[in-house]
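Work through the exercises below with the structure open. Each task is followed by its solution in steps.

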Amino acid sequence: MSRTVSSWILSSARSSIVLQGRGRLYSICIPNRNNIQWKLLFSKTLLCPTGGSSLDNTFSLRRAFRHTSTEEQLSFQLSPSQINDILRAGELSHKILALNGKNANSVSRFESNQLASNTPIEDRRSAATCLQTKGMMFGVFDGHAGSACAQAVSERLLHYIAVSLMSRQTLEEMELAVECMKPILPILQWHKHPNDVEYRERTPQYFENLRVYWQHLLDLDAEPGFSLEEAMTSAFKRLDSDISLEVQAPQENELMRNIALQVAFSGATACVAHVDGVHLHVANTGDCRAVLGVHEKDGTWSALPLTRDHNAFDEFEIRRLKREHPRSEEKTLFVNDRLLGILMPSRAFGDVQLKWSKELQHSVLENSCDVEALNIYQYVPPNYHTPPYLTAEPEVTYHKLRGKDKFLVIASDGLWEMLSNEKVVKLVGEHLTELNVQKPELAFQKPVNLGYMHSLLLQRKTRGVASLDQNIATHLIRHAIGSNEYGEVDQEKLAAMLTLPEDLVRMYRDDITITVVYFNPETIENYYRNN
């Protein structure tokens, strides 16, 4: 599997798009990269440039297979096993343990994966079980202008939501424990990938600000507390406010100061799902997306979107922003389908340069160290008159799960740029059906002998079960970047998309992060039977 691309083709492609700020931040000078297409010599299919991304050091891709220069002949050589190693490096799966032989949780399991395009990857993901309240939470966070904001939000947002849902008694017990210097009960049980990282240096400050938040909740008169929609909205807004305030406050040392700056001046969109029994709430800020997979009575699969993309293509967002700003700014709110000509999503965490006044930005940055070394984006749009232009306030959707609701797909826009809602649901549904059909056929029969085992292995090989991705998120990524015009995975295209040079890959694919949550039909059916 070897193809070569002439260097002049890649050079001309590279020179056609200029990424300002060393290509590390907002691609404000690209009017519409989706219109750009080049037929590369290494593949019979067409590779269509989209967003931006690259492989992190957590992925086991040797440098020999990943070129960083377009000034040479590029050879795309990956064996099927090497392709699988790359695609499966970020796999995460978790099965919910049964109680007394039965799973009382409406979530039976979840599967997740990531594929980087940016170096390092700017997407993050989170999954956790609530320990002081009910339910499980799943989040996908799409960073831009670096990974700092997405990293901080992925570590903190689920805690803010969990605290927002606690009773007054639980909050009082937590506060008393801290005052008496005793350990507090754990709030969340995290389900993490071994390579997931966290800002350990910032953990004490993050906890202190979370404590200030629950003290604020104790000062409120509301009891028993927020509804789930109110809790998620409050948590999103409070965390974004804390991110903004932390960078303005004095820090212990230069490292803490630098992290606070990078978090505030980068940005992240977020989509978080909370599942408690048959009650599903999805809070979304930006252009990540949550889509429900529904198995209809006739055996077909249908997609039910639970979020809207907050960007220039959404009429509701356009009207909202026009209401919040003077009529004189109507024509400058969106330029080239980007907020103020800079940012694609119209809602996000961080991005204080689209929320603060010019004076506050100047005051914070002039007292900082080398912001250029921190990759902080310094650009004030010419029509920046009435900030804030950006908000982290989420749109919260409630859905009552039914027996035919089989799974929920939460993913960053890197997936949705490649595949439609319907295609994603169909791929998951067909994959789920295939696994369920084939597993019983491979069940062992007693007595087991070598001849019988050999027969099973031959069956497995013949039916291609061994080649099936056991993790559905991997299956989706494989199709997203490797599908040809007929919807089939083209191995040559797949290899090419995984070995594009770092300075070219962002034009063809973005970071992709996917979490698929499977629901337990027995628990859902029991709920309706008992009610």
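**Exercise 1: a strand residue**

Thr129 belongs to strand S5 (residues 123-130), where a strand is a DSSP run of E with at least two residues, a helix is a run of H or I with at least four, and both are numbered from the N terminus. The model is predicted: local features need pLDDT of at least 70, side-chain atom pairs count only at pLDDT 80 or more, and totals for chains, interfaces and linings use all residues. Residues are numbered from 1 along each chain as its sequence is written, and side-chain values use heavy atoms, with hydrogens and water left out.

Task: decide whether Thr129 is buried or exposed.

Solution. Buried means under 20% relative accessible area, exposed over 50%, and partly exposed in between (1.4 Å probe, protein chains only). Thr129 has 19%, so Thr129 is buried. Beyond its neighbours within four places in sequence, its contacts (heavy atoms within 4.5 Å) are Gly135, Met136, Ile187, Leu188, Gln189 and His191.

**Exercise 2: a helix residue**

Task: classify Glu422 of helix H11 (residues 421-441).

Solution. The relative accessible area of Glu422 is 51%, so Glu422 is exposed. Trp301 is 121 residues away from Glu422 in sequence, yet their C-alpha atoms are 8.2 Å apart.
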